[in-house]
Amino acid sequence: MKKYFLIAACICRTFILGAQSGAANPVPFVIPNLQEWKGGYGQFTLQSSTAIVMEETSANQLLATAKILQKDLQLLTGNAAYPIKTGVPGTGDIFLSLHATDATLGQEGYLLTANLTSLHISALYTRGLFWGTRTLLQVLEQDKQHLHFPSGTTKDYPRYSIRGFVLDDGRKFFSLDFLRQYVKLMAYYKMNDFHIHLNDNGFYKHFGKNWDSTYAAFRLQSDTYPNLTAKDGSYTKQEFRELQALATSYGVNIVPEIDVPAHSLAFTHFRPEIGSKKFGMDHLDLDNPVTYQVIDSVFMEYLEGPDPVFSGPEVHIGTDEYDKSSAEQFRAFTDHYIRLVERYGKKARLWGALTHAKGNTPVKVKDVTMNVWYNGYADPVEMKKAGYDIISTPDGWLYIVPAAGYYYDYLNLPMLYKKWEPVQVGDVRFKDQDPQIKGGSFAVWNDVVGNGITEKDVHDRVFPAMQVLSQKMWRGTDTTQLYDVFAKKASAIGEGPGANMRGKVAGETDLVLDYDLRKGNSKDRSGNKRHIVKTIHSDNKKDGLQLNGGRSFAQTPVQEIGYNYTVAFTIKPDMNNDPNATLFSSPGSTVKLKQQQTGKLGFSREGYDYVFDYVVPAGKWTTLAISGDHKGTRLYVDGKLLQSLKAQRISFAGTKDSMTKVQTLFFPLQHIGDTAHAFKGSIRDLKVWNVADKLK
C-alpha cells in the first residue's frame with residue numbers, strides 16, 4: 001500500500017511540475033471581466049465530496065450566501081450534495097470567509113484563490129463575497145463538465161457603486177415571478193440596483209383624447225385607497241416585502257418609484273379633484289392642498305410602521321416632466337417629498353428636472369441622488385456643481401422603448417461597449433472616477449400601451465444589454481478586448497443556474513425534438529433523449545396521437561422554445577371542435593386550432609390573441625409549420641409560406657399617430673393538447689428546430 005501511494009505521489013508531483021513549466025493560466029472570462037488576475041497552474045475540481053465551508057467566526061453572516069451557492073451548484077452540476085459546514089476546508093472544498101485583510105476591496109470587492117485542492121473566496125463584506133460566488137458559477141458554467149476552475153488568484157472590485165436597471169412596471173405589468181428572476185439575473189452579472197417604476201399612464205391621444213379612458217396603473221396594494229391599485233396586475237404588500245428581502249440576499253438593492261407630480265393619472269383617476277385642469281389629468285394640481293394630503297398618505301402607507309413595505313435604504317419620488325410654467329410649485333413639491341422620505345430614514349432619489357424647472361425655490365441637495373436622463377431637463381454640470389450625486393441614465397444612449405419607433409428598440413451594444421461608461425452623461429463626459437458620478441442605469445420604458453410586447457420580448461431586449469452594461473459599469477472603458485471578441489465569449493454565459501427566460505433549447509444538432517407519436521412511438525428521435533413524460537386521456541394509435549378534447553394531452557420535458565425556432569407537425573382534426581380548441585399549451589401561451597369564434601388557427605399569450613387567416617381542414621391530414629423570431633410569427637402549410645404576422649400598424653383615430661403591434665410567440669411545448677381545452681383529433685411527426693424557417 002505504501003508503494004502504491006509513493007507511485008501516485010510521484011505521478012502527481014511530475015504532473016504539477018510539468019504544468020508549472022508551461023505558461024500560467026490565462027484570466028478566465030466572466031462578465032463583468034475580472035479587474036486583476038494572477039494565473040496559477042492546473043485547476044481546482046469540484047468533487048462528489050465537495051463541501052461549502054464557512055469560516056466559523058462569521059458563519060452567521062455567511063449562511064444565506066452559502067445556501068444560495070449550494071442551490072446554484074446543485075442546479076448547475078446535477079449533484080444533490082454540497083453540504084454546508086463550518087471550520088477548516090478539506091480537499092475539494094469551497095471556503096468562504098469575511099476576514100480579508102485588503103482594505104481596498106471596499107464594500108463589494110472580493111478575493112478568490114483557487115488551487116489544486118481548494119477554492120477560497122474572501123471579502124470584507126457579504127455583498128463582495130456574494131459577487132465572488134457569481135464569478136465561480138460563471139466559470140463553472142463555461143466548463144463542459146461544470147466542475148473546473150483554473151488555479152490562480154483574482155482581486156475583483158467595481159469601478160462604480162451603482163450599477164442599475166430601470167423597469168417601467170406602470171404601463172406594462174410584470175409578474176412577480178419575472179421580478180424575482182430579474183433579481184437573480186442582475187446578481188449573476190453583479191448589477192446591484194433594480195429601480196422599479198410602479199405607476200404611469202398611456203398617451204392621452206391614443207385613447208380618444210379622453211382622460212377617463214386613458215390607461216393608468218399603480219402596482220401596489222393600497223389599504224388607504226383601495227381603488228388606486230391596478231385591476232390588471234399588482235403586488236400585495238407582503239409580496240413586495242418578500243421581493244426586497246430576496247433582492248437583499250442576492251446583493252441587489254430594489255429602489256421603488258412612485259412617480260409624481262407628472263405621469264400621475266393613476267392618482268387622478270380615483271381622486272379627480274387633484275388633477276390639473278391646466279396641464280392635463282396626468283399632472284397633479286400643485287396649487288391644491290388636497291393634492292399634498294393624498295400623495296403624503298400614499299407615500300406614508302409604504303414608509304411607516306415597524307415593518308414598512310419599502311424596506312430598502314432609498315425611495316424614488318419621480319419628479320419627471322412636469323410643465324415648467326409652474327416651476328416654483330414643482331420645486332416646492334419636489335423639496336417636500338425629498339424631506340418626507342427622509343423623515344422615515346430613507347434617502348431620496350429623483351429624476352433630473354431642475355434645469356427645465358429653473359426657479360428660486362430651494363430644493364434639498366445633501367444626500368439626494370439624481371437620475372440625469374436628458375441634459376435639457378437637468379444639466380449634469382449644473383447638477384454636479386449644485387452638489388447632487390448623479391446616476392448616469394442618458395436617454396440617447398440607454399433607453400429601450402420596445403417597438404415604439406423612437407429611442408432604441410434594441411440598444412446599440414457595439415457603440416456602448418466602445419464609447420460609454422457612467423461618466424458619460426449625454427454629451428457631457430466627466431473626469432474618470434468623479435466621486436459624484438455614482439454609476440449608471442439603463443431603462444425599459446413601455447410607452448406604447450397595448451402594443452403586444454410581452455415579458456419575453458422585453459427580456460429579449462434586456463439580456464444582451466445587461467451583459468454589455470454590467471461590463472461597462474464594473475470595469476469602465478476597457479479597450480483591451482474588442483467588442484466582437486467579448487460578444488462571442490458572452491454567448492457561452494446564460495442567465496444563471498436553472499434559469500432559461502430566453503427559452504433556449506439546445507441539442508446535438510439544430511433538431512432538438514422529434515416525436516413520431518404513432519402507436520408505441522413516444523421516444524424523442526432527435527438524439528437528445530427528451531422523451532414524452534406522460535399522456536393523459538390520449539392514445540398513441542396507429543396513425544398518430546389521438547386527443548379527445550377537454551383534459552387530454554401528452555406532456556414533454558420542454559416547457560417552451562424561444563426565438564428562433566420552427567415547429568412542424570402533421571394534424572388531422574375531427575369535425576366537431578369547439579372554439580379555443582388547443583393544439584399546444586404551456587403556462588405562458590397556447591396555440592389554438594380555433595382562435596375564439598373565428599374558426600381559424602391562432603395563438604394567445606399575455607392577454608393578446610392573434611389569428612392566422614387559415615382554417616385547418618377537418619377530417620384530413622395537413623402538415624403545418626410555425627416559425628418565430630423576435631420580429632414575428634410565420635405559418636407554413638404543406639411546405640409553403642402562407643402568412644407572416646409581423647409589425648402590424650394600428651392607427652389612432654383623430655391623430656396622425658400609429659403604433660406597431662408586436663405579434664411574436666414563444667412556442668408552447670409543455671403539452672401537446674391541453675389540461676382543459678384540448679382539440680379533438682390526431683397529431684403526428686412533431687419536429688422542433690432551434691432555428692427559424694427550417695422545414696426539413
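**Ground rules.** I am working with a predicted model, where local features need pLDDT of at least 70, side-chain atom pairs count only at pLDDT 80 or more, and totals for chains, interfaces and linings use all residues. I number residues from 1 along each chain as its sequence is written, and my side-chain values use heavy atoms, with hydrogens and water left out.

I looked up the strand order and found seven strands in an open sheet, 1-7-5-6-4-2-3, with mixed pairing. Strand 1 (36-45) and strand 3 (84-86) are at the edges, each with a single partner strand, so one side of each has no neighbour in the sheet. Neighbouring strands here are turned by 25° against each other on average, direction ignored. For the terms: helices (H or I, at least four residues) and strands (E, at least two) are DSSP runs numbered from the N terminus, and two strands pair if DSSP finds at least two bridges between them.

In it, I52 stands opposite I94 of strand 4. Helix 2 (residues 59-77) packs on the sheet, touching strand 2, strand 3 and strand 4, and its direction makes about 170° with that of strand 2. Helix 3 (residues 126-142) lies across strand 4, strand 5 (110-114), strand 6 (118-122) and strand 7 (148-156), at about 40° to strand 5. Contact means heavy atoms within 4.5 Å; axes are lines fitted to C-alpha atoms, for helices over the stretch in contact, and angles run from 0 to 180 degrees between N-to-C directions.

**H263.** Is H263 buried or exposed? I find H263 buried, because its relative accessible area is 13% (buried is under 20%, exposed over 50%, partly exposed in between, with a 1.4 Å probe and protein chains only). H263 sits in the loop between strand 12 (253-260) and helix 6 (265-270). Leaving aside neighbours within four places in sequence, H263 contacts R171, N199, D200, N201, D282, D320 and E321. With the side chain of E321, the side chain of H263 makes a polar contact at 2.8 Å (N or O atoms within 3.5 Å; within protein, one must be able to donate a hydrogen and the other to accept it, and residues adjacent in sequence count only if both atoms are side-chain atoms).

**Rings.** I counted rings of Phe, Tyr and Trp (its six-membered ring) as paired if their centres lie within 6.5 Å; planes under 30 degrees apart are stacked, over 60 edge-to-face, the rest tilted. That gives 41 aromatic pairs. One cluster links W351, W373, Y374, Y377, Y399, Y406, Y407 and W445. I also noted R684 over the face of W621, 3.8 Å from the ring centre (NZ of Lys or CZ of Arg within 6 Å of the centre and within 35 degrees of the ring normal).

**Backbone.** Most residues other than glycine have a negative phi, and most peptide bonds are trans. I found a cis bond between I31 and P32, omega about -5°. Another cis bond joins Y563 and N564, omega about 0°. Y407, a member of the ring cluster, has a positive phi of about 50° and is partly exposed at 37%. L517 has a positive phi of about 70°, but L517 is buried at 1%.
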